[in-house]
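Let's take a friendly walk through a protein model, from its inside to its charged side chains. Have a look at the sequence and the structure first.

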Amino acid sequence: MLSNDDCYSHAVDFLINELLIKWSCIGKVKSFGLPQGPNASIVLADVYLYSVDRAMEKAGIQYFRYMDDVRIFAFDRPGLKRNMITLVRALRELKLNLNAKKTSIYEIEDYAKLKGVVDPKRDLLSKIDNIIRSEKDEEIDNIKQDLIELGEISMKEEGTFSGRHFHFFVRRIADLMKMNKLDKEYVISLTEKLLIRFESEHHESSLISWFLVAASLYIDSLKAEVQKWLINFICDENRNIYEWQEMWALDTIRQIGKI
């Protein structure tokens, strides 16, 4: 439980600063920002929004939060409005505000809209997460194909949750590489797909760069191939059109060269 004690607060501040320094330098340029690979956003959101969670809990509000994505529930609109007021006041204490453009009201009868709110694969994601954390070999072997299929679907289809599923897939694949639980042939094939995606889906550059470094660490023979592809990408002015994406490519080349 968090405390207001000065010594405790200083310890928390120190820990968070140390984590920020570590996260911002994991495979990236120093002081550039936090990469998307590690679960930095989850930890920081849980710490910073702790008082908001407690305020909603104290008010007896049905409330769910994933990082900064919030869902609140009520039996009617007046009740929903009261719940919203509680949330807004708690956020303002932290100098935060709701994003009006991303705030919507859904009726329980409107199934079509609710499909965009509730992740249909949430149970599968939780199952995969729990099994990987358990580090039980047999169970991990049983869910690997589920994870691979989730990744294949997320890369082919567009939808409300495809981006979230893709990020989940890449992070959990990296977890399996750390545990030496993936066939190298599959990692090589996935690396080729993500190199193509690096170019076509530029908004995912940081996550894919993070994966490329992890894959090169997992399979030594990938180093030269990945570096060559990224160098060709950088040198091609028709493909390399975003300066920030070029930065990710250059830093990935640098990191792989140090492995």
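What follows is a short tour of cores, rings and salt bridges.

This is a predicted model, in which local features need pLDDT of at least 70 and side-chain atom pairs count only at pLDDT 80 or more, while totals for chains, interfaces and linings use all residues. Residues are numbered from 1 along each chain as its sequence is written, and side-chain values use heavy atoms, with hydrogens and water left out.

**The cores**

In soluble globular proteins, nonpolar side chains tend to be buried together. A nonpolar core here is a set of buried Ala, Val, Leu, Ile, Met, Phe, Trp, Tyr and Cys residues joined through side-chain atoms within 4.5 Å. Buried means under 20% relative accessible area, exposed over 50%, and partly exposed in between, using a 1.4 Å probe and protein chains only. Which members of the largest nonpolar core touch the most other members? They are Phe169, Ile173, Phe211 and Leu230, out of 45 residues. A second, separate core has twelve residues, including Val52, Met56, Tyr63 and Ala90. Back in the largest core, Ile173 is in contact (heavy atoms within 4.5 Å) with Leu147, Leu182, Tyr186, Leu190 and Phe211, leaving aside neighbours within four places in sequence.

**The rings**

Rings of Phe, Tyr and Trp (its six-membered ring) pair if their centres lie within 6.5 Å; planes under 30 degrees apart count as stacked, over 60 as edge-to-face and the rest as tilted. The structure holds five aromatic pairs. Trp229 and Phe233 form a stacked one, 5.8 Å centre to centre with 5 degrees between the planes. Ring pairs also link Phe198 with Trp229 and Phe233 into a cluster. Phe233 is buried, at 0% relative accessible area.

**The salt bridges**

A salt bridge is a side-chain nitrogen of Lys or Arg within 4 Å of a carboxyl oxygen of Asp or Glu. There are 15 of them in the structure, and the table shows some examples.

| Partners | N to O distance |
|---|---|
| Glu57 and Arg54 | 3.0 Å |
| Asp137 and Lys181 | 2.6 Å |
| Arg197 and Glu204 | 2.7 Å |

Are Arg197 and Glu204 buried or exposed? Both are buried. By contrast, Glu57 is exposed, with a relative accessible area of 53%, and Arg54 is partly exposed at 32%. Asp137 is partly exposed at 44% relative accessibility, while Lys181 is buried at 17%. Finally, salt bridges that share partners join Asp129, Arg133, Arg172 and Asp175 into one network.
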